[in-house]
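Subject: Structure handover

Hi,

Here is the structure I promised to pass on to you. Please open it alongside this email, and I will walk you through what turned up.

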Amino acid sequence: MSLRQRALPAITAVVLGGHALALLGLPLWSQVSAPHTKVAAMQTRALSLPEPPAPPPAAPVPAPKAPAPKPQQPRPKVQRPTPAAPAPTPEPLDTPIRETVEPLPMAAAPEPAASEASETADAGSGATPATPPAPPAPKPEPETPPTPSAGPAQGMAITSPDGTPLASDAPVPVQLPDPARLSFAVTGQAKRFNYSASAELVWRHANGQYRASQEVSLFLLGSRSQTSEGRITDRGLEPSRFNDKARKEQSAQLAFDQNLAHFSTGAPDAAIAPGAQDRLSVFLQLSALLAAAPQRYPAGTQISFITVSARRADRWTFRVGETETLDLPSGSTQALRLDKIAAAGDDQQASLWLAPSMQYLPVRIRLAQDNGDFADLQLKGRQAP
């Protein structure tokens, strides 16, 4: 047999093997590399196997088993033994406290920690529980409410030109003017707006009671009214209620039995005393004093009153001046001038002129505010009320 014939079967076998591999669709390099990768993976697995045993020796699992001693907490045991055996107690107490503090940070740790601290303090010494009740001692504070002051000693005071007090708590002579209806022409300024208006003062008294009302009407701008009512005493006028109405109505109640004035605005009560007046009755009280004894009040005399508005009480002091001749809408009139002495915090200045020919009723009243607003009332006529 020739060499070609001998080599033909071997060549045929190689060709058939190549066709078989082509039919499987796999390249030769993949068949070779795959086994190597598998071996590498197995090797890595074999290398990683020694690593997992490491976590078991850490043994965090036995640590949680420690909470089992919780029921064994000997806190009550600390109370049972005598104070002579404090040494064994700290060992069991330290372990349960640490065990509880570790899981508590997940929740509200501060509150239980505070409670535990108090429990351990109570258990550590039996005498300490007596000290915590001490804080409730300041509770008696609300039991002592503040009491209002009794108020000034004098609701009215009179001082001579040389500074000598002329009036005390004893009544001074008073003589009320006859009832009357006085009409006034008004000129003034409000918020830099000059205006002219009319006003009326109605004064009545009978059976030991009095009522006075004053209203200023502004054309197209509305009106403002004040009223004073009360009783007549040996001191003169004793107002019980004062009303002041502009856009809204406000009032003051004068309770002389309490020596206090109460305000509808909710302002704090103000101290008053017998002889106090309101912002309308004060002018008529001056008329009654001067009509009874004008010689008691020479120029320079000061007459002082606690004067109540709808919101507070101030002390108004008037200085008696000289007699002046006024050119009023009602005619030329002799009148005694009195000026209110400015005081710190006053929001109103006032001057008034009292006519002896009209029982010292006011024939002119000038009121001024700190902001420049003023109202000047001058008598136009007098009628029966």
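**What I found**

Let me begin with helix H8: 11 of its 12 residues are buried, so the helix is largely enclosed by the rest of the structure. Please keep in mind throughout that this is a predicted model. The buried residues of H8 are Ser281, Val282, Phe283, Leu284, Gln285, Leu286, Ser287, Ala288, Leu289, Leu290 and Ala291. H8 covers residues 281–292, and the distance from its first C-alpha to its last is 17 Å, close to the 16 Å expected at 1.5 Å a residue.

**The chain as a whole**

For orientation, the chain contains 8 helices and 16 strands. Of its 385 residues, 32% are buried. The exposed surface comes to about 23,200 Å², and 59% of that is supplied by carbon and sulfur atoms. If you look at contacts with a separation of 6 or more, 47% of them are between residues 24 or more positions apart.

**Strands S4, S5 and S6**

Next, have a look at strand S5 (residues 222–233), which pairs with strand S4 (residues 209–218) in the antiparallel sense over 10 bridges. A hairpin of 2 residues links S5 to S6. Across this pairing, Arg231 stands opposite Glu238 of S6.

Lys191 has a phi near 50 degrees, a positive value in a residue other than glycine. Its relative accessibility is 72%, and because exposed means over 50%, Lys191 counts as exposed.

Asn259 also deserves a look, with a phi near 60 degrees, again positive in a residue other than glycine. Asn259 belongs to the loop between strand S7 (249–255) and strand S8 (260–263). Is Asn259 buried, exposed or partly exposed? Its relative accessible area is 23%, so Asn259 is partly exposed.

Asp257 is found in the loop between S7 and S8 as well. With a relative accessible area of 71%, Asp257 is exposed. The C-alpha atoms of Asp257 and Pro274 are 9.2 Å apart, while 17 residues separate the two along the chain.

**Aromatic pairs**

How many aromatic pairs does the structure hold? The number is 2. In one of them, Trp203 and Tyr210 are tilted, with 6.1 Å from centre to centre and 45 degrees between the planes. Both Trp203 and Tyr210 are buried.

The pair formed by Trp316 and Phe318 is edge-to-face, because the planes of the rings stand at 70 degrees; the centres are 6.3 Å apart. Trp316 has 1% relative accessibility and so counts as buried. Phe318, at 0%, therefore counts as buried too.

**Charges over rings**

The ring of Trp316 brings us to Lys340, which lies over its face at 4.8 Å from the ring centre. Lys340 is part of strand S13 (residues 331–340). Is this lysine, Lys340, buried or exposed? Lys340 counts as buried, because its relative accessibility is 8%. Leaving aside residues up to four places away in sequence, Lys340 touches Trp316, Thr317, Phe318, Asp346, Gln348, Gln349 and Ala350.

Best wishes

Notes: Residues numbered from 1 in each chain as written. Predicted model: local features only at pLDDT ≥ 70, side-chain atom pairs only at ≥ 80, totals over all residues. Heavy atoms only, no water. Helix = DSSP H or I, 4+ residues; strand = E, 2+ residues; numbered from the N terminus. Expected span 1.5 Å × (residues − 1). Buried < 20%, exposed > 50% of the residue type's maximum accessible area, 1.4 Å probe, protein only. Pairing = 2+ DSSP bridges. Phe/Tyr/Trp six-rings, centres within 6.5 Å; stacked < 30°, edge-to-face > 60°. Lys NZ or Arg CZ within 6 Å of the ring centre and 35° of its normal. Contact = heavy atoms within 4.5 Å. Areas by Shrake-Rupley, 256 points an atom, 1.4 Å probe, with all protein chains shown as cover.
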